[in-house]
Amino acid sequence: MAVEAKSEDTQMAVSVVAVEEPTIKAAEKIVVDPSVEEPAINDAEKKVDPSVEEEPIIKDVEKKVDDAAVVVAEVNVEEKKEEEPKTEEVVEEKENESGDGEVILSTPAIEKSSSFREEAKEYSDLKENEKKALVEFKSKLEEAILENKLFKKKDEEQKEKEQQKDIEKPTQQEGDAEKEKSKQEDEYEEKEKSKQESEDEEKEKSTQEGEEAKGKSMAVDSEENKDDKPKQEGGDEEKEKTVEGVEKIVKEESGEEKQKSSPEADEEKIERESEEEKKPDVGAEEKSVEDVVVDKDISIWGVPLLPSKGSEATDVILLKFLRARDFKVNEAFEMLKNTLQWRKDNKIDSILDEDLGVDLGSVAYMDGLDYEGHPICYNMYGIFEDNQLYQKTFGTEEKREQFLRWRFQLMEKGIQKLDFNKGGVSSLLQINDLKNSPGPSRKELRIAMKQAVGLLQDNYPEFVARNIFVNVPFWYYAFNAVLSPFLTQRTKSKFVFARPAKVTETLLRYIPAEQIPLRYGGMKRENDSEFSTEETTVSELTVKAGSTESIEIPAPEVGTTLVWDLIVLGWEVSYKEEFVPTDEGSYTIIVQKAKKMGSHEEPVRNSFRNNEPGKVVLTVDNGSFKKKRVFYRYKTKMSSSS
């Protein structure tokens with residue numbers, strides 16, 4: 001399929017002098033990913049006037065462009081049948097009226113791709129290595145569920161804390177016992193010292209008394225004989241005192257020994273108690289084993305996770321985690337465990353029932369389906385240009401957390417529209433409108449977006465089939481280069497960028513015209529009473545360069561009301577509407593006189609009620625040098641008889 005890539009919007013031209021080299025490098029870095037296979041590109045034909053001397057900076061840009069495999073001028077792209085087409089910005093050098101070269105950013109013309117479909121979800125469609133990984137993943141998951149090892153348990157955390165306390169407790173007890181022992185030893189030493197002093201005093205006293213008695217006996221011999229009996233009694237008393245002193249010392253020593261042994265006894269007691277505490281309580285263990293209940297009904301997004309239950313939707317969910325981790329089973333299993341724990345900790349399963357108290361319905365919403373039936377989620381970042389709303393949403397960390405929770409709630413609402421069964425659609429299409437969005441200088445928005453991208457990528461794997469960015473400003477490419485390292489290669493491969501002039505063309509590649517909102521050049525109007533997406537289909541007509549094509553809407557009966565919608569991609573054509581009666585003698589009625597339609601014209605809707613048989617003719621005159629794609633639909637309504 002040949003795709004013509006030629007810029008038609010001169011307003012997109014950016015002067016080489018005005019474009020900073022770092023920004024060009026950032027754009028190149030985003031546009032060309034060396035890990036992604038580039039489609040075959042034919043040699044480009046340059047339309048630069050050879051008489052015009054190229055400026056050095058132009059040569060420099062051309063060199064960068066060639067190195068990045070980006071085509072200069074018009075290119076024809078041959079797409080492989082099974083290869084998914086890519087939408088990427090290309091740099092085109094075009095000669096303007098004055099002959100000066102300009103660098104123009106444009107996207108290739110976009111066609112609907114039949115290869116844009118859900119990836120293989122059935123076991124039979126998988127490759128051998130993928131089948132093996134899925135079987136291993138299911139076995140690992142089954143074992144974890146049956147052994148109750150999928151979640152971190154609160155009692156385990158409590159047990160760890162208690163074990164830590166038990167480790168600290170004996171250490172503290174040992175320290176207290178050591179202090180008590182040291183204290184008792186000090187007291188014992190003091191008592192020993194005082195006892196020794198007491199004994200020394202007793203000896204000194206007894207010696208003095210003996211000397212005094214001896215002097216008295218030598219002085220008075222007569223009195224000595226008289227005093228023999230009392231002296232003898234005094235000796236007996238001394239002996240008794242000496243015996244009492246010895247007994248006292250023995251008693252004190254034995255008392256001290258008892259006191260000394262008491263801290264050792266305490267120590268032994270503490271050790272005994274700690275050993276008893278460490279002994280496993282067999283009865284408690286048996287009781288805990290009996291109390292453990294294996295939850296075989298663990299599910300995520302309404303899909304049972306126990307493989308032995310045989311749900312076909314289980315394989316679809318597990319394949320999402322495997323693809324997100326390149327079919328590395330251990331990494332996919334850890335990712336699933338972390339997701340389940342995150343959902344449990346943040347109560348995500350009940351988030352749909354929460355009233356978050358924030359009105360951000362105009363920021364993001366679900367609306368319509370693409371060609372493959374993917375629900376479409378629109379994200380309108382331009383809303384945050386309003387500073388009051390911006391501060392209300394991102395002003396504080398608490399508000400940013402609330403915004404993230406609201407975003408997860410919206411994601412869960414979108415998942416409610418998915419079907420994980422065989423042949424069902426199990427992913428979303430996201431449209432991110434960056435028109436008037438706050439620039440990268442808004443730190444709070446940057447932080448919130450980084451958090452949202454990380455959490456959505458980690459906990460909602462493979463839930464986005466495509467991420468389309470429309471009305472992309474030039475600064476965003478540099479911002480995306482900063483965000484890019486935090487994204488997986490698989491996530492980045494799903495990004496599609498469209499400059500303002502290519503929005504409708506890009507969206508038509510993935511979404512039917514009747515499902516594209518009016519503001520993006522589609523035919524979908526809010527509360528449309530004339531057309532419903534289920535009842536009408538849109539037809540397409542190609543008008544070749546320099547030719548004219550007509551669309552006829554028959555009105556064979558009188559009193560018929562005809563209603564039609566029409567859009568021309570890129571317009572720049574002459575358009576008129578008229579009613580031609582069947583009777584050749586009647587006059588042709590001009591419904592809409594010929595008008596030159598600009599490049600930014602909105603889709604046309606008109607109606608006509610006939611008073612005679614005939615037909616409405618819509619004429620598109622293409623005077624340009626490019627073919628034009630025309631999309632239209634119509635319906636007839638019979639007027640009720642009066």
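# A quick tour of a predicted model

Glutamate 462 is buried, with a relative accessible area of 15%. Keep in mind that this is a predicted model. The protein chain has 15 helices and 21 strands, and buried residues make up 38% of its 642 residues.

**The whole chain**

- Take the contacts in the protein chain with a separation of 6 or more: 78% of them are between residues 24 or more positions apart.
- The chain exposes about 38100 Å², and carbon and sulfur atoms supply 47% of that area.

**Helices α3 and α8**

- Two packed helices are described by the angle between their axes and the distance between the axes.
- Helix α3 (residues 128-146) and helix α8 (residues 312-324) pack at an angle of about 105°, and their axes are 10 Å apart.
- That angle makes α3 roughly perpendicular to α8, because angles from 65 to 115 degrees count as roughly perpendicular.
- On the α3 side, the contact is made by Ala133, Leu134, Phe137, Lys138 and Leu141.
- On the α8 side, the contact is made by Asp315, Leu318, Leu319, Phe321 and Leu322.
- Sorted by class, this contact of α3 with α8 has eight nonpolar residues, two charged ones and no polar ones.

**Helices α10 and α11**

- The axes of helix α10 (residues 387-394) and α11 come within 6 Å and cross at roughly 90°.
- α10 and α11 are therefore roughly perpendicular to each other.
- From α10, the contact uses Gln391, Lys392, Thr393 and Phe394.
- From α11, Lys399, Arg400 and Phe403 take part.
- By class, the contact of α10 with α11 has two nonpolar, two polar and three charged residues.

**The largest nonpolar core**

- In soluble globular proteins, nonpolar side chains tend to be buried together.
- In this model, the largest nonpolar core has 44 residues.
- The residues with the most contacts inside this core are Phe137, Trp301, Leu305, Leu322, Phe420 and Tyr460.
- Which elements give two or more residues to this core? They are α3, α8, α9 (329-345), α11 (397-415) and α12.
- Helix α8 provides the largest share of the core, with eight residues.

**A covered helix: α15**

- Helix α15 (residues 503-510) is mostly covered, and eight of its eight residues are buried.
- The buried residues are Val503, Thr504, Glu505, Thr506, Leu507, Leu508, Arg509 and Tyr510.
- What covers the buried residues of α15? The cover includes β11 (428-433), β12, β13 (495-498) and β21 (628-638).

- Most residues other than glycine have a negative phi, and most peptide bonds are trans.
- Asparagine 148 is not a glycine, yet it has a positive phi of about 60°.
- Asparagine 148 sits in the loop between α3 and α4 (154-219).
- At 23% relative accessibility, asparagine 148 counts as partly exposed.
- Glutamate 462, our opening residue, has a positive phi too, near 55°.
- You'll find glutamate 462 in the loop between α12 (443-459) and β12 (464-470).
- Why does glutamate 462 count as buried? Its relative accessible area is 15%, and buried means under 20%.

- Valine 591 lies in strand β18 (residues 589-597).
- Valine 591 is partly exposed, with a relative accessible area of 23%.
- Valine 591 and phenylalanine 579 are twelve residues apart in sequence and 6.7 Å apart in space, going from C-alpha to C-alpha.
- Not counting residues up to four places away in sequence, valine 591 touches Trp564, Glu577, Glu578, Phe579, Asn606 and Phe608.
- Threonine 582 is in the loop between β17 (573-581) and β18.
- Is threonine 582 buried or exposed? Threonine 582 is exposed, with a relative accessible area of 58%.
- Threonine 582 and glutamate 612 are 30 residues apart in sequence, and their C-alpha atoms are 7.9 Å apart in space.
- Leaving aside its neighbours within four places in sequence, threonine 582 is in contact with Pro613 and Gly614.

Methods
Residues are numbered from 1 along each chain as its sequence is written. This is a predicted model: local features need pLDDT of at least 70, side-chain atom pairs count only at pLDDT 80 or more; totals for chains, interfaces and linings use all residues. Side-chain values use heavy atoms; hydrogens and water are left out. Axes are lines fitted to C-alpha atoms, for helices over the stretch in contact, and angles run from 0 to 180 degrees between N-to-C directions. Helices (H or I, at least four residues) and strands (E, at least two) are DSSP runs, numbered from the N terminus. Angles under 35 degrees count as roughly parallel, over 145 as roughly antiparallel, 65 to 115 as roughly perpendicular and the rest as oblique. Contact means heavy atoms within 4.5 Å. Ala, Val, Leu, Ile, Met, Phe, Trp, Tyr, Cys and Pro count as nonpolar, Asp, Glu, Lys and Arg as charged, and the others, Gly among them, as polar. Buried means under 20% relative accessible area, exposed over 50%, partly exposed in between (1.4 Å probe, protein chains only). Accessible areas come from the Shrake-Rupley method with a 1.4 Å probe; for residues, only the protein chains shown count as cover. A nonpolar core is a set of buried Ala, Val, Leu, Ile, Met, Phe, Trp, Tyr and Cys residues joined through side-chain atoms within 4.5 Å.
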